[in-house]
Amino acid sequence: MEKTLLRGRVLNFRREPQGPEDTQSFDYFEDGALVMAGGVIEAVGPFETVSAQAAGATVIDHRPNLLMAGFIDLHLYFPQVQVIASWGAQLLDWLNNYTFPEEMRYGDAGHADAMAGAFLDQLIGHGTTSAVGFCSVHRGSVDAYFSQAAQRDMRMIGGKVMMDRNAPEGLCDTPQASYDDSKALIGKWHGRGRASYAVTPRFAITSTPEQLEMAGALAREHPGCYVQTHLSENRDEIAHTLELYPKARDYLDVYQQVGLLSGRSLLGHSIHLEPREIDALAESGAHPVFCPTSNLFLGSGLFDEGGLRARGIVSGIATDIGAGTSYSMLQTLNEGYKILQLQGQALHPYRAFHWITRGNAVALGLEDRIGTLAAGSEADVVVLDARATPAMALRMGRVETLAQELFVLMMMGDDRAVAQTYVAGRAMKPANRG
């Protein structure tokens with residue numbers, strides 16, 4: 001089996017850093033290497049040691065750049081790639097004015113396939129190797145999403161949006177149709193290669209109680225699947241949800257009553273939470289997902305990561321393309337840092353980079369496969385250049401520590417700082433891009 005050895009400065013998180021001084025939470029090799037074969041990492045460590053064990057391997061020298069696990073994005077929409085940066089709306093207007101008209105186009109299988117390919121190439125170009133995505137209501141959009149991911153051998157999670165009200169007629173299914181379509185797609189894609197399925201009721205406003213019951217049935221029948229939806233992004237959204245579900249104790253209870261709340265549930269936004277909802281999240285092990293660029297763009301509010309963390313709740317972090325404004329998990333950290341600053345919460349660069357790699361993998365229960373460079377993990381690797389732009393290079397002239405370099409990357413970096421992305425051991429970013 002052909003082996004490839006990557007040489008560079010290697011950073012690999014073994015657990016979540018507990019503070020700025022917690023250098024025991026990761027391995028850092030100033031002259032490091034990792035060996036990839038068959039899409040898996042075989043060895044990682046100092047170059048001198050690893051190279052002696054990898055005779056005959058093809059050597060790619062990325063020095064002085066930094067090698068890390070590929071980034072993981074826990075919440076985004078591939079049908080929204082062409083409405084990013086659409087002006088002037090908050091959540092519900094955004095859906096009606098931009099999202100729904102755009103998603104109507106995904107009934108065309110050719111268009112869905114072309115956009116899925118372009119979407120995945122954008123992720124790779126920005127250093128993201130795994131993501132959890134919403135497709136459109138159309139079965140063909142899911143086929144496009146997973147087939148294009150399979151061509152790139154990406155570990156991807158996704159699902160068909162379930163919607164049967166409060167959306168245009170061309171985007172509405174029925175409770176039974178959404179169940180039947182989702183079940184067929186689970187059978188076709190879940191566990192095939194690196195694909196996993198997520199049962200995907202868009203949110204409470206666009207699903208009747210009957211449809212959410214069907215979504216809960218799917219989750220019970222397929223416990224290996226994920227559940228993805230939205231929770232408490234916007235105060236008008238919350239008010240409308242409680243009007244539609246007057247018997248619910250709160251917004252989260254709408255999902256909880258039908259069995260959609262578990263450790264495999266990913267709840268986008270989760271900003272304006274009631275005490276009972278926080279209790280339920282802590283008890284169930286469900287994962288809120290912080291979407292900083294989207295929350296700022298739509299004026300939704302400030303995510304209380306510190307408060308949730310204090311309750312033992314493990315939150316993910318994500319771009320939320322297309323209300324999110326960048327494919328870059330580096331820029332996502334940039335805006336996330338600022339949102340937490342506004343609340344007196346610190347996001348140290350060690351914890352930030354753990355979050356977009358192993359941390360998001362922990363939320364998925366996949367930390368034994370992705371999010372680290374440990375031997376046996378899947379060979380998804382990003383190569384980062386902290387001197388990628390003149391401004392970054394100027395700043396790096398005064399950088400003295402790894403933590404300072406990481407902070408430069410997360411505050412000033414974007415796709416230009418991604419020198420290369422490896423997916424299942426293959427270099428995927430063309431040299432002339434970004």
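1. In what follows, buried stands for under 20% relative accessible area, exposed for over 50%, and partly exposed for what lies in between (1.4 Å probe, protein chains only). The model is a predicted one, in which local features need pLDDT of at least 70 and side-chain atom pairs count only at pLDDT 80 or more, while totals for chains, interfaces and linings use all residues. Residues are numbered from 1 along each chain as its sequence is written, and side-chain values use heavy atoms, with hydrogens and water left out.

2. Searching the whole structure gives 24 salt bridges, each being a side-chain nitrogen of Lys or Arg within 4 Å of a carboxyl oxygen of Asp or Glu.

3. One of these joins glutamate 103 to arginine 202, with N to O at 2.7 Å. Because glutamate 103 belongs to helix α2 (residues 91–104) and arginine 202 to the loop between β9 (195–201) and α6 (209–221), the pair ties together parts 99 residues apart in sequence. Both glutamate 103 and arginine 202 are buried.

4. Arginine 249 and aspartate 253 also form a salt bridge, their closest N and O atoms lying 2.8 Å apart. Aspartate 253 has 1% relative accessibility and so counts as buried, whereas arginine 249, with a relative accessible area of 55%, is exposed.

5. Glutamate 305 and arginine 309 meet in a salt bridge of 3.0 Å, N to O. Glutamate 305 is buried at 4% relative accessibility, and arginine 309 is partly exposed at 30%. A network of salt bridges links Glu16, Glu305, Arg309 and Arg351.

Note on methods:
Helices (H or I, at least four residues) and strands (E, at least two) are DSSP runs, numbered from the N terminus.
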